[in-house]
Amino acid sequence: MIASYIRDVPDFPKPGIVFKDITPLLQSAEGLREAIDGLAEIASGLSFDVICGIESRGFIFGTALARQLDVGFIPIRKPGKLPWKTASESYELEYGSDTIEIHVDAAPDGQRVLLVDDLLATGGTMQAAWKLVEKIGGTPVACVCVIELAFLAGRERLGAAPVHSLIQY
Ligand code: AMP
């Protein structure tokens, strides 16, 4: 039961936020296996060439999933971290804005990209990642995450983009 490995941390990183801590899941061999197997089962119903993970917890699940499915992995990172030519996309947060970046040659020839993150909240991060993949000429096919905070309606924000999650709150 994956949900039993998720720890709620109230008021982190700021008052009023209940942070979903995935470290108990990662440190459990069983929890990690269940999570990656669950994501792999979702992915088996989707058609894609490569997995793209969003910094930083999307790297953990995205890379493990890519290895399990024998496909490659593309990192989407915070600004100034990627060494080659990048495309960037900014999105609004509750207070202020954020930016993410990808290498311009990460998904050549219209490669079909599966987006992976640990958690979907308002959907702003996933939406920006989706746009970013399109910007470099890739073809985003679906968004997959371990946890979905359904009460924040992230999937509505993502419109027609298919969204899959293992646990919903
Ligand atoms: P959003 O763009 O609002 O969908 O937020 C998603 C991103 O923020 C993901 O990369 C999550 O890791 C992180 N995040 C947002 N809310 C939480 C939360 N309550 N607990 C843990 N991570 C969160």
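Helices (H or I, at least four residues) and strands (E, at least two) are DSSP runs, numbered from the N terminus. The views below come from a predicted model, where local features need pLDDT of at least 70, side-chain atom pairs count only at pLDDT 80 or more, and totals for chains, interfaces and linings use all residues. Residues are numbered from 1 along each chain as its sequence is written, and side-chain values use heavy atoms, with hydrogens and water left out.

View 1. Let's start in the loop between β1 (7-10) and β2, where P13 has its place. The peptide bond between F12 and P13 is cis, with omega about -5°. D11 is found in that loop too, and this non-glycine residue has a positive phi of about 60°. For background, most residues other than glycine have a negative phi, and most peptide bonds are trans.

View 2. S56 sits in the loop between β3 (50-54) and α3 (57-69).

View 3. Look for D70 in the loop between α3 and β4 (72-76). Although not a glycine, D70 has a positive phi of about 60°. D70 is exposed, at 63% relative accessible area (exposed means over 50%, with a 1.4 Å probe and protein chains only).

View 4. A polar contact here is a pair of N or O atoms within 3.5 Å. A side-chain N or O atom of R57 is 2.7 Å from a ligand oxygen, and a polar backbone atom of K20 is 2.9 Å from a ligand nitrogen.

Definitions and conventions. Polar contact = N/O pair within 3.5 Å; in protein donor to acceptor, adjacent residues only side chain to side chain. Buried < 20%, exposed > 50% of the residue type's maximum accessible area, 1.4 Å probe, protein only.
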